[in-house]
Amino acid sequence: MRHAGFTWHDGALLAQGLGVSLGLFVGTFLIGLVLGSAAAVVRHFRVPALGALLHTALELLRNSPVLVQLFLVFFGVPALIHQPLTPVFAAGLTLSANTAAFVYFIAVAGLDAVGREQVEAARAFGLSRAQLVRHILGPQAAAFAVAPLVGLAVNQLQVTSLVSVIGVIDLTKAGDILNLRTLRPFAVWAIVGALYFAAAKTLTLLGNRWERRLRAHAPPLGL
Amino acid sequence: MIAVEGVVKRFGAHTVLDGVSLTVAPGEVVTILGSSGSGKSTLIRCVNGLETLDGGRISVDGLDVADPRQLAQARRLSATVFQLFNLYPHMTVLRNLTLAPELVLKRPKAEVEGQARALLASVGLAGKANSYPGQLSGGQRQRVGICRALAMNPRYLLLDEVTSALDPEMTAEVLAILGRLATQGTTMLFVTHEVEFARRISTRIVFLDQGRLIVDLPTDQFFAVDGGLAHPRIHQFLSKMAPSSTAPAAPVAEMPA
């Protein structure tokens, strides 16, 4: 017998799906943020070989569809190493690397935007490279990068919906399951869409607050 | 002592410094004069290690600036004041002063802050400790730049055209402070276009022309008719730089349009 009506259990399923989506997003975004920024610092100091290698790898990741990367990791890598990957692991790996690629290009631009003359002052005063990154380059590059990073975050949150196709029970997959049972696609996808919207909107609001704080004393953008 | 020996610096095919030698002993104020493009600023940038040398040697108290480890040590002995101030815009005035003494010299925060506040008070900026560079005038920013250098307790103060970006009033503010430092016995390597001021405070004046050091004389001899002025290039430079000291300048109304 089919239960076509909505039940309280459906709310729990959606909440669980939303939790998986948010968890996957937060985890992969933080990893991507760290890896992408680190790669940008390597590039900024023109570390030979490593800088060029990272640039090429991240360029490949940025310029190919996430879905293709997901299939490559979930189906391609197990064929190569004769070891299956769990959907969540494959999704986490792919999204982290993909986020790192976009963060890298944003961070490179942010670092380049910091005035050369203050960097020279800091060097002349004897600051080490690590101190330069921590106290001069980092805070100012972050202020330049925060607006594009918030945009990236909103996008990457929505990109997590792709992991439903390899079997991760995220919000989209939960919607899919619900839709198949209730056969009320308009109601189901409207609810799923509204949940994504609420999450993305919250993210934007938090991001804008963070931006105002970081840019409080930064030089104005543009001309 | 800062010792510059036969320094050569090229940017591509252009030779900016062509075998320059000079010394700055403790207590001296050595002024580098020369027209724009003569290599004055580049020489300062070679001393503080912002440019690499293509020839010759620079040492600060025996530390070779071409060696990264010795350069790190040498940078604790000298401090630079820049033409365009080069303050850190995201930090308060106070933090601009305390950053390097805390991070590089590893001095205790409380002591550095006390010194920084005293320095700011001595240049009339006691009330600006918590302002940001963007909230200050050019003259105020350069006074902060000088305090930032002094907070390092440097043996040598390197001054790179520190008044070139300022209007006459602000220039006067900054020069007054430098004059006071000179009378207190601060050792300075001073690149400037303020000839009259240089004449007042310098122990020696060197003249750079197209990357070559053509004269290195005690100040009074530099301005003597049979000293530096006997050199045609210097005579030409001084007559254009400080018209009041040689020939009266034409009033603006009489200048050809």
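Questions and answers on this predicted model follow.

Me: How compact is chain B against the globule rule for its length, and what is its radius of gyration?
Reply: Chain B has 10 helices and 10 strands. For 257 residues the globule rule gives 18 Å, and chain B comes close to that, so it is as compact as a globular protein of that length. The radius of gyration is 19 Å.

Me: What share of the contacts in chain B with a separation of 6 or more joins residues 24 or more positions apart?
Reply: The C-alpha atoms of chain B fill a box of roughly 55 × 45 × 35 Å along the principal axes. Of its 257 residues, 40% count as buried. For contacts with a separation of 6 or more, the share from residues 24 or more positions apart is 62%.

Me: How many residues does the largest nonpolar core have?
Reply: Those with the most contacts inside it include A:Tyr104, A:Ala107, B:Val47 and B:Cys147. Beyond its neighbours within four places in sequence, B:Cys147 is in contact with B:Leu97, B:Leu119, B:Leu120 and B:Val123. The count for the largest nonpolar core is 115 residues.

Me: Which helix supplies the largest share of the side of chain A that touches chain B?
Reply: The contact takes 17 residues from chain A and 21 residues from chain B. On the chain A side, helix H5 (116–124) and helix H6 (129–159) each supply at least two residues. By class, that side has 8 nonpolar, 6 polar and 3 charged residues. The largest share, 6 residues, comes from H5(A).

Conventions. Residues are numbered from 1 along each chain as its sequence is written. Chains are lettered from A and ligands numbered from 1 in the order in which they are written. This is a predicted model: local features need pLDDT of at least 70, side-chain atom pairs count only at pLDDT 80 or more; totals for chains, interfaces and linings use all residues. A nonpolar core is a set of buried Ala, Val, Leu, Ile, Met, Phe, Trp, Tyr and Cys residues joined through C-beta atoms within 7 Å. A residue is buried if 20 or more other C-beta atoms lie within 10 Å of its own, exposed if 12 or fewer, and partly exposed in between; C-beta atoms are placed from the backbone. Two residues are in contact if their C-beta atoms, placed from the backbone, lie within 7 Å. Helices (H or I, at least four residues) and strands (E, at least two) are DSSP runs, numbered from the N terminus. Ala, Val, Leu, Ile, Met, Phe, Trp, Tyr, Cys and Pro count as nonpolar, Asp, Glu, Lys and Arg as charged, and the others, Gly among them, as polar. The radius of gyration is taken over C-alpha atoms; the globule rule is 2.2 Å times the number of residues to the power 0.38.
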